[in-house]
Amino acid sequence: MDSVSGFSERVSQKLEKWVDNIKMTEHIFMIVLAILTGVLAGFGAVGIRALITAISDLSFSGNGSLLDRIIEAPWYVKILVPTIGGLIVGPIIYKFAPEAKGHGVPEVMQAILLKSGHIRPRVAFIKALASSITIGTGGSVGREGPIIQIGASIGSTIGQLFKVRTQRLKTLVGCGAAAGIAAAFNAPVAGALFAIEIILMDFAVAQFTPIVISSVIATVISHQFEGNFPAFPVPAYHLESPYEIIFYFGLGILSGVVSWMFIKVLYFFEDLWDEKFKFPEYLKATVGGLMVGGIALLYPQIMGVGYDSITMALNSNVIWSLALVLIFVKILATSLTLGSGGSGGIFAPSLFMGAMLGAFFGYFVHQAFPNITADYGAYAIVAMGGLVAGTTRAPITAIIIVFEMTKDYSIILPLMIVCTLSMILSAKLSRESIYTLKLVNRKINIRERAEVNIMKSLSVKDVMSKEFSPICEDTNFTEVVSLIVSRRLPYISVKSRTGSFMGIISINDIKELLFDKDALQFLIIAGDIVNPKIERTTPDMNCRQVLEIMNRIDSDVLPVVDTDDNNKQIGLIWRKDIDDTYHKEIDRIELTSDLADKITLNNSSKDITFLEGYVITEIPVPNSFIGRSIRELGIRSKFGVDVLTIKKKSNSGEEIKAIPQANYTFTENDLLIVAGEKEKINILKGYA
């Protein structure tokens with residue numbers, strides 16, 4: 001491993017020198033990396049599809065489509081092939097890359113949230129191999145999740161080789177994910193939206209251009225090898241009557257219920273396999289494959305990605321009773337495959353369930369109202385989007401991806417209705433999506449991301465302004481106006497004759513009185529127009545709490561009063577000052593994170609000098625620190641050093657980074673990245 005790490009470091013240094021030599025701007029540099037990510041992810045998507053096809057042909061030989069060959073295969077082949085697939089996949093994942101287990105997207109999201117976008121390079125290869133074997137041998141999963149994880153791994157690896165800073169690395173992970181979904185479905189727009197809406201969870205992402213470029217490049221690569229065809233060729237459908245929209249409302253509700261059911265059943269079986277079945281991890285996928293094979297004896301349609309069955313439903317060639325049964329059988333088979341440790345995605349199963357739900361629902365609607373409804377294939381198309389929206393909670397991506405897969409604009413109106421209703425109802429029944437629930441189960445708070453944690457770590461006393469000049473309550477109206485105008489401030493504090501804080505006067509409070517300023521000069525004083533109900537803050541509050549108050553009362557400033565005396569004003573806190581401090585903290589974290597990333601366990605004795613006499617280094621947590629918080633220890637005041645990052649090992653062996661907060665309590669597995677004067681660092685090392 002040391003030789004591999006050394007080789008990687010040498011490559012990174014050469015690439016970094018090459019970039020410096022050609023004097024490339026950062027924006028162009030990111031576009032070049034996005035193109036490279038798109039090319040490699042596009043080839044990765046083509047490669048995994050070819051590998052799945054090769055394994056499928058080897059597993060189920062014969063003539064006709066894959067579904068025909070599975071149906072015609074002897075009973076023992078249906079049972080043995082997925083069992084053997086699980087027997088191969090289990091040890092590969094267990095030994096080489098545990099994060100390749102499951103459907104992949106939550107692992108990418110976890111890398112964004114906790115690891116600043118770092119994904120091990122080996123994940124791409126292991127995920128491709130494990131997923132291809134799982135799907136090719138009949139595992140009831142999709143290929144899109146693996147392609148997304150492979151693309152994200154490629155983007156992360158490229159970013160690590162070129163040593164891009166943290167935010168750029170996350171963008172490259174998004175580029176890889178977008179390229180993967182675009183190449184998988186021939187859907188470049190949906191690929192970009194998927195990365196923004198699901199992976200990065202931020203529509204305001206600044207690096208939207210590289211993500212779009214990667215998505216387009218990967219689609220071009222896919223076209224070159226696979227052709228420019230819709231993923232699902234379907235007949236042209238259109239609304240037969242405006243009244244038909246009513247039925248799509250019903251389909252949206254059903255889609256939301258089935259989406260919720262899929263989420264619940266999937267994680268029920270994952271918990272069941274993890275907690276109840278006490279036998280070696282690397283053998284669980286074998287048992288899961290055996291169970292899926294048993295189900296396939298009656299319902300062979302559930303094996304593999306199921307595209308043949310989906311196409312039949314979209315073309316109105318499936319029996320309604322079979323479609324109804326396949327919805328629930330597919331939920332069970334996919335849950336068994338993933339819960340037992342197989343590798344694959346949930347995108348294709350969602351499309352499969354949606355197609356069957358739509359075919360079942362549309363059959364009865366069309367039978368009852370043949371003159372105002374389309375054939376049930378139209379409902380199958382729309383319900384595919386409904387299941388994707390309900391499970392992923394990404395309605396925009398769902399709408400665009402179904403549109404791009406079918407190239408049929410006429411379905412867009414019912415598609416919007418079904419996707420929106422499905423997402424709303426599914427969210428009412430289950431707060432988390434099929435992706436985020438796995439993160440929540442791992443105790444990862446996806447809603448309180450780094451930005452929120454930074455706001456919580458900033459105290460009012462560190463941001464507030466002590467420069468304020470309160471006026472007395474008996475100041476006349478004309479003087480109040482003159483002071484506000486002369487100071488060019490929209491707010492002014494008011495104190496009583498005894499010096500107690502009374503409240504604040506804002507320009508909005510007096511603007512309607514300005515026209516009668518002369519008449520009111522001796523009739524109104526500051527005490528008459530002050531707002532005594534203004535919310536007050538204290539120095540020990542954090543900026544997150546302050547912003548919540550500001551947003552609630554629509555104010556850009558709040559008074560700061562003494563913690564022990566609510567009537568003693570000690571300052572003001574402004575929204576602009578909070579924003580400025582936040583952005584400075586973001587810059588500091590990115591800088592220190594980039595420096596900290598250069599320190600590993602393999603070179604923990606090496607200090608990085610960033611100023612003369614000042615170093616950054618990594619040390620194990622001292623025994624005397626364990627069980628105590630940063631605030632309790634007073635590390636900065638006692639030792640004169642700053643804790644930049646806290647690294648620890650999770651149960652699966654993965655490295656997790658935490659942003660240090662005052663209330664963080666140290667554990668024995670912690671590793672501290674600290675910065676300060678070399679002499680003071682050495683004193684702290686002595687405690688370790």
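Is Tyr-376 buried or exposed? Select Tyr-376 in this predicted model: the residue is buried, with a relative accessible area of 9%.

Keep Tyr-376 displayed and consider the aromatic rings. Across the whole structure, a search finds 16 aromatic pairs. One of them joins Tyr-363 and Tyr-376 in an edge-to-face arrangement, with 6.1 Å from centre to centre and 70° between the planes. Colour helix 15 (residues 347-368), which holds Tyr-363, and helix 16 (residues 376-392), which holds Tyr-376; the pair therefore ties together parts that are 13 residues apart in sequence.

Then select Lys-330 and Phe-352. The charged end of Lys-330 sits over the ring of Phe-352, at 4.8 Å from the centre of that ring.

Finish with the cysteines. How many disulfides does the structure hold? The count is 0. Select Cys-175, which has 0% relative accessibility and so counts as buried. Move on to Cys-543: this residue is buried too, and its relative accessible area is 0%.

Notes: Residues are numbered from 1 along each chain as its sequence is written. This is a predicted model: local features need pLDDT of at least 70, side-chain atom pairs count only at pLDDT 80 or more; totals for chains, interfaces and linings use all residues. Side-chain values use heavy atoms; hydrogens and water are left out. A disulfide is a pair of cysteine sulfur atoms within 2.5 Å. Buried means under 20% relative accessible area, exposed over 50%, partly exposed in between (1.4 Å probe, protein chains only). Rings of Phe, Tyr and Trp (its six-membered ring) pair if their centres lie within 6.5 Å; planes under 30 degrees apart count as stacked, over 60 as edge-to-face and the rest as tilted. Helices (H or I, at least four residues) and strands (E, at least two) are DSSP runs, numbered from the N terminus. A charge sits over a ring if NZ of Lys or CZ of Arg is within 6 Å of the ring centre and within 35 degrees of the ring normal.
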